[in-house]
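My plan is to pick a few spots, look each one up and jot down what turns up.

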Amino acid sequence: MTPTSPIEAPTAALADGPRLSSLILELYRGARERDPATFCEWALRRVRSVVAFDSAMWGYGNATAERVDLNDVHLVEQPARMLENYARVQQEDFLARAVGASPRRTIERYAIIDRADFVRTRVYRLHARRFGMENLLCTGWPESPSGLLSVISLWRADPEDRFTERERATKEFLMPHLVEARRMNVLAVMQQRHGTAPEIGTYCALCDRRGLLHEADDGFVRLIASRWPQWCGPQLPAPLAAAFRKRQADRLSLEDLRFAWSWLDRRLLISARRATAVDLLSGREREVVERVARGATAKVVARELRLQPATVRNHLASAHHKLGVSNRAQLVRVLAAAGALT
């Protein structure tokens, strides 16, 4: 089979445009509503509406030049022992190497090997035949420089029921939407459980206690890379990982970046943003200007904070100087731009 060019793949997939549009919309809506523990399986079952399959796997983890570790694996119509059995032939899996050599491309097994040759391999005899993996589509989606990796495999058990080129192209077209919907699902639901809402310009990530990334916003990755240009995940830079391990604080300032974190389900939910002028304010100054920006008078602020009105005016004047503003309208704009009024 001749590989499809990147331009041809979307064209083939868009032949089913209305169904694909409905599916993509459903994926993003589901990302906001579904439990991360079941989202991947649910999403794969929805993919069946455009690419039929008998069983599937969605693995997520991290990759380095030396190895791939999938620390989060979801199966559809496959037993858990399938993963244990795969370890017997993993080193001989030529398809995994082909997927790794063609990142973000969807590979159909018989595009790279004849079936007559495949059935003579140990991979087929010890694994594929046993678990109904006669036909296969597989896509690996690496994210650089974070080192995060998504892998989705679809299988059919009937040797005669090969995936078509249109189905291959459709899966390739859907892959970035599946990856992004999963990321939105994990981070959004984690934030909801923790009772937090990201401020403007604030990006989030999840990692374990060793500082190994499990998920991250693109913006979070960009901020890390801006501070450590040579960084290549999935291990977070040493100063961050060390701060997490100490557990003596939940905030860290590094030059122009601000980090905050909290423990959630044995993982750390981390937020990162660039420093703003608002960070120059003292805690009391920020309390004052946020109330004033929302319309409170100095008298009202003084009563709420149990301060003298003159003290409130002094805090307000100091904050105006630090923020480079001279009136309430300018103050509102600066605080809103910093996400301090959400």
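**Entry 1: an aspartate in a loop.** Before I start, I need one cut-off: a polar contact is a pair of N or O atoms within 3.5 Å, and within protein one of them must be able to donate a hydrogen and the other to accept it. I also remind myself that this is a predicted model.

I went to D208 to begin with, which sits in the loop between strand 6 (203–207) and strand 7 (213–216). Is D208 buried or exposed? D208 has a relative accessible area of 9%, so it goes down as buried, since the cut-off for that is under 20%.

What does the side chain of D208 reach? One of its polar atoms lies 3.0 Å from the backbone nitrogen of L212. I also found a polar contact between the side chains of D208 and H214, at 3.5 Å. Once I set aside neighbours within four places in sequence, the contacts of D208 are H214 and L268.

**Entry 2: aromatic rings.** How many aromatic pairs does a search of the whole structure find? I got 4. One of them is F94 with F118, an edge-to-face pair with 5.9 Å centre to centre and 80° between the planes. This pair joins distant parts of the chain: F94 belongs to helix 5 (residues 94–101) and F118 to helix 6 (residues 115–118), 24 residues apart. Both F94 and F118 are buried.

I then followed F118 to Y124, and that pair is edge-to-face too, with 5.2 Å centre to centre and 70° between the planes. Why does F118 count as buried? Because its relative accessibility is 0%. Y124 counts as buried as well, because its value is 7%. Stepping back, I see ring pairs linking F94, Y110, F118 and Y124 into a cluster.

**Entry 3: arginines over rings.** I looked for charges sitting over ring faces. R182 lies over the face of Y60, 3.8 Å from the ring centre. R227 lies over the face of W228, and there I noted 4.8 Å from the ring centre.

**Entry 4: helix 11.** Which residues of helix 11 (residues 283–293) are buried? My list reads E285, V288, V289, E290, V292 and A293.

Just after helix 11, I spotted G295 with a positive phi of about 110°.

Terms used. Residues numbered from 1 in each chain as written. Heavy atoms only, no water. Buried < 20%, exposed > 50% of the residue type's maximum accessible area, 1.4 Å probe, protein only. Helix = DSSP H or I, 4+ residues; strand = E, 2+ residues; numbered from the N terminus. Phe/Tyr/Trp six-rings, centres within 6.5 Å; stacked < 30°, edge-to-face > 60°. Lys NZ or Arg CZ within 6 Å of the ring centre and 35° of its normal. Contact = heavy atoms within 4.5 Å.
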